Amino acid sequence: EERFQADPAMYFLGKQDTLFWRGAPVGNQGRNQIISHMSGHPNIDMRFMVWKSVSTGGNNSAPGCSGLLAHCRYRYLAFLQGNTYSSRLKYMLLCGSTVFAAKQGWDEFWTRHVVPGKHVVEVKPDWSDAKNKLR
């Protein structure tokens with residue numbers, strides 16, 4: 001929005017004061033444990049969505065799915081590892097939100113430039129320190 005272009009801090013403060021994540025379980029037990037650990041906090045909204053493949057013609061649904069623009073409404077975003085490479089981190093960084101992420105097991109050409117404490121809030125792989133870092 002035009003009124004936020006002059007003051008990026010106002011844009012950030014205008015976002016919902018919540019740590020947000022939506023994704024699929026993808027068979028990763030770590031995600032299950034993280035979601036369970038992070039539940040119950042009033043400023044955390046981290047939940048699984050459900051992939052429902054009901055058609056080969058493209059009429060599929062994903063209840064609970066939230067697109068990138070919806071993610072950008074939140075002040076804090078969580079990036080959880082999946083089973084393999086996930087491309088979502090670079091898009092989350094474009095939102096201008098603070099991204100919480102554990103150290104990743106893969107690299108892209110640009111990830112060597114991501115500095116914990118400057119570009120992301122680095123959390124432990126089990127996210128046991130994330131709630132304290134959200135304060």
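Contact here means heavy atoms within 4.5 Å. The model is predicted, so local features need pLDDT of at least 70 and side-chain atom pairs count only at pLDDT 80 or more, while totals for chains, interfaces and linings use all residues. Residues are numbered from 1 along each chain as its sequence is written, and side-chain values use heavy atoms, with hydrogens and water left out.

**Loop residues**

Helices (H or I, at least four residues) and strands (E, at least two) are DSSP runs, numbered from the N terminus. Val 26 lies in the loop between E1 and H3. Leaving aside neighbours within four places in sequence, Val 26 is in contact with Arg 31, Gly 82 and Asn 83. The C-alpha atoms of Val 26 and Trp 51 are separated by 9.8 Å, with the two residues 25 apart along the chain. Ser 66 is found in the loop between E2 and helix H4 (68–71). With neighbours within four places in sequence set aside, Ser 66 has contacts with Phe 20, Arg 22 and His 71.

Buried means under 20% relative accessible area, exposed over 50%, and partly exposed in between (1.4 Å probe, protein chains only).

| Residue | Relative accessibility | Class |
|---|---|---|
| Val 26 | 39% | partly exposed |
| Ser 66 | 17% | buried |

**Sheet**

Two strands pair if DSSP finds at least two bridges between them. Five strands form an open sheet with parallel pairing, in the order E2-E1-E3-E4-E5. E2 and strand E5 (120–123) are at the edges with a single partner strand each, so one side of each is left without a neighbour in the sheet. From one strand to the next, the twist averages 20 degrees. E3 and E4 run parallel and are joined by four bridges; Tyr 76 has Thr 98 in E4 as its bridge partner. H3 packs on the sheet, touching E1 and E2, and its direction makes about 145 degrees with that of E2. Axes are lines fitted to C-alpha atoms, for helices over the stretch in contact, and angles run from 0 to 180 degrees between N-to-C directions.

**Nonpolar cores**

A nonpolar core is a set of buried Ala, Val, Leu, Ile, Met, Phe, Trp, Tyr and Cys residues joined through side-chain atoms within 4.5 Å. The largest has 16 residues, and those with the most contacts inside it are Leu 19, Met 38, Met 46, Leu 80, Phe 100 and Trp 127. Elements giving two or more residues to this core include helix H3 (29–38), strand E2 (44–48) and helix H6 (130–134). H3 gives the most, with three residues. Apart from this core lies another, of 14 residues, among them Tyr 74, Met 92, Cys 95 and Ala 101.
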